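Biologist: I am new to this structure and would like to go through it step by step. Could you show it to me, please?

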Amino acid sequence: MAIASPQKSMSANGGPSAKSPLRVVASAPGAVQVDNLDHTYNVGGRVTKALEQIKLDIAPGRFVVIVGPSGCGKSSLLMMMTGLVTPTAGSVYCGGLPMTAPDPDRVGVVFQEASLYPWLTAQDNVEFPLSLRGVPKAERAARARDKLALVGLKGFEDRYPHELSGGMKQRVSIARGLVQNPPILMLDEPFAALDEQTRISMGDELLRIWEQTGKTVVFVTHSLTEAAYLADEIIVMSARPGRIIDRIDVDLPRPRTYAMMSTPRFAELRERIWNQIKTQAGS
Amino acid sequence: MANASAKPPAWLGLFDAARGLLVWAGGLAVLFGAWQAVLSFGLMPPELLPPIGDVLATAADLASRPDFQRHVGVTVAEVMVAFVIAVPLGIVLGIAIAESRYWSEVLKPIVFLVFSIPKTIFLPMFILAFGINFAQKVGFGVFSTIFIVLISAFSALDSVKSDHVRVARAYGATPAQIAWRVYLPSMAPVLLEAVRLAMIFNLTGILLAEMYASRAGLGQLIANWGENFMLRELLAGILLIAAAAIVFNETVRWFEAKCEHWRT
């Protein structure tokens, strides 16, 4: 696997002390920057301001969670960060280059519903991004098998999506996001449709994969628990128009454990997010 | 986690196929049994319902006669040409209409309105326009078929999930790749259904056109045998056409079942 070395050393140490410096080197492959991003919808002459003055600076290898009330535009923001949607103003840079169109070499995307192709097996779904660019059959088969093993699905290569559980589908989707080996992985509420037990264990899985691969992860969720459990840094967004109203450095040690959820520090973090969101959520 | 090697064994597929055949054979046995029962209880005179053995013998005899084969050839040619025109044309037109918001609003209601009209009432117009010939049969076949194909194409396009398109875009697919790798497989189950329904409409239209006015073809034979009270030939013809139609329909349905889970 070709991963930049500073991230590798971080995953080796694991602990919070090994985090990348806060000073962002914007041209590093895993760096993500959002620069004065605004977005307005124009539906039938009615202009709605969806996102306002979004600024983000994400260092390589960080796990950043964007949280906010539903309808705050956090998913739209993520879609703009992947290059799938063009913002009205401002720009997004991944690895120092503007994201004007999707680029699977820089950013892997995992969607809300696993969005697997039901006519392809797990293996073929993971190979899909590679086959689009004409990677030779033997190479893409090996790479896809490798990623399926990484997400714990060894032995399930020949299964079709309808033969997999919700959590397994999302694992395949994560493997698909990783198969081109992009330095950045962006996930849009990936576990929202799963039951609570599965959601917690998938969170652990994602942390394990993140620690193993050293990717930069941008993760959108509406779950406070998920945000506090997973993140190095939490970005809290307001209700529409979505603005960033808080940035929280999560100082819980890694590896995170289920037991941490009952610590006072965890409760404080949750409360800090909740206090800001609850005033927004009702409006 | 579940056992990864819990795939159904291959012999189970054979077992299913055998069971399917058994059900078929059972159905046929019941039909032929009822047929013979009607005769032996005297519910129908043998002039109106000849014994099944005679009919099957006639069917075998017919199938070997070059003169009958020529009629079959005419009908098959008409059906194939109409099918090869109507299905691709309907699919391409249907997708083109559904992809454009403007043409959807203008043409979709018209297609649905025309679909509801029985096509048989237009047959005399086809005779006036084309005469009684190959082109008239094919034209009427296409006309009978194309509306169901158009409507199927509309719903085929609806069955393409925007999520699936977005995934392909996120992984850098070109428009052509999106068309072939996402649109086509997404639409395949609905399009297969369209092919199956198209053949039913097509066969109905062309046989009717042949029965109404024709110099050759199975429809013309059926009409003749009926008018001349040749029940053996008539029933043998019915059995042969029914068998051909069922074989086609079941073959397409087999493919449909293969990709049934794509619809999820």
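Modeller: Asn249(B) counts as buried at 17% relative accessibility, where buried means under 20% relative accessible area, exposed means over 50%, and partly exposed lies in between (1.4 Å probe, protein chains only). Please note that this is a predicted model, in which local features need pLDDT of at least 70, side-chain atom pairs count only at pLDDT 80 or more, and totals for chains, interfaces and linings use all residues. Residues are numbered from 1 along each chain as its sequence is written, chains are lettered from A and ligands numbered from 1 in the order in which they are written, and side-chain values use heavy atoms, with hydrogens and water left out.

Biologist: Where does Asn249(B) lie, and what is it in contact with?

Modeller: Asn249(B) belongs to helix H10 (residues 231–258) of chain B; helices (H or I, at least four residues) and strands (E, at least two) are DSSP runs, numbered from the N terminus. Leaving aside neighbours within four places in sequence, Asn249(B) is in contact with Arg196(B) and Ile200(B), a contact being heavy atoms within 4.5 Å.

Biologist: Which kink lies in H4(B)?

Modeller: A kink of about 35° lies at Leu107(B), shortly before the proline Pro109(B). The bend at a residue is the angle between axes fitted to the seven residues ending there and the seven starting there. Helix H4 (residues 101–115) of chain B has 15 residues and reaches 21 Å from its first C-alpha to its last, close to the 21 Å expected at 1.5 Å a residue. That expected span is 1.5 Å times one less than the number of residues.

Biologist: How is chain B divided into domains?

Modeller: Chain B has domain 1 (11–41) and domain 2 (63–262), with bounds that come from an automatic or database domain assignment. Taken over C-alpha atoms, the centres of these two domains of chain B are separated by 29 Å.

Biologist: How many salt bridges are found across the interface of chain B and chain A?

Modeller: The rule finds zero salt bridges there. A salt bridge is a side-chain nitrogen of Lys or Arg within 4 Å of a carboxyl oxygen of Asp or Glu. Over all chains, the structure holds 20 salt bridges.

Biologist: What does Glu127(A) form a salt bridge with?

Modeller: Its partner is Arg140(A), with the closest N and O atoms 3.0 Å apart. Glu127(A) lies in helix H3 (residues 122–132) of chain A and Arg140(A) in helix H4 (residues 137–150) of chain A, so the pair ties together parts that are 13 residues apart in sequence. Glu127(A) is buried at 3% relative accessible area, and Arg140(A) counts as buried at 17%.

Biologist: Which residues is Gln123(A) in contact with?

Modeller: Gln123(A) is also found in helix H3 of chain A and is buried, with a relative accessible area of 8%. Leaving aside neighbours within four places in sequence, its contacts include Arg140(A), Ala144(A) and Glu157(A).

Biologist: Which parts does the pair of Glu52(A) and Arg243(A) tie together?

Modeller: Their side chains meet in a salt bridge (3.6 Å, N to O). Glu52(A) lies in strand E2 (residues 46–58) of chain A and Arg243(A) in the loop between strand E9 (233–237) and strand E10 (244–249) of chain A, so the pair ties together parts that are 191 residues apart in sequence.

Biologist: What kind of peptide bond joins Arg240(A) and Pro241(A)?

Modeller: That bond is cis, with omega about -5°. Pro241(A) lies in the loop between E9 and E10 of chain A.
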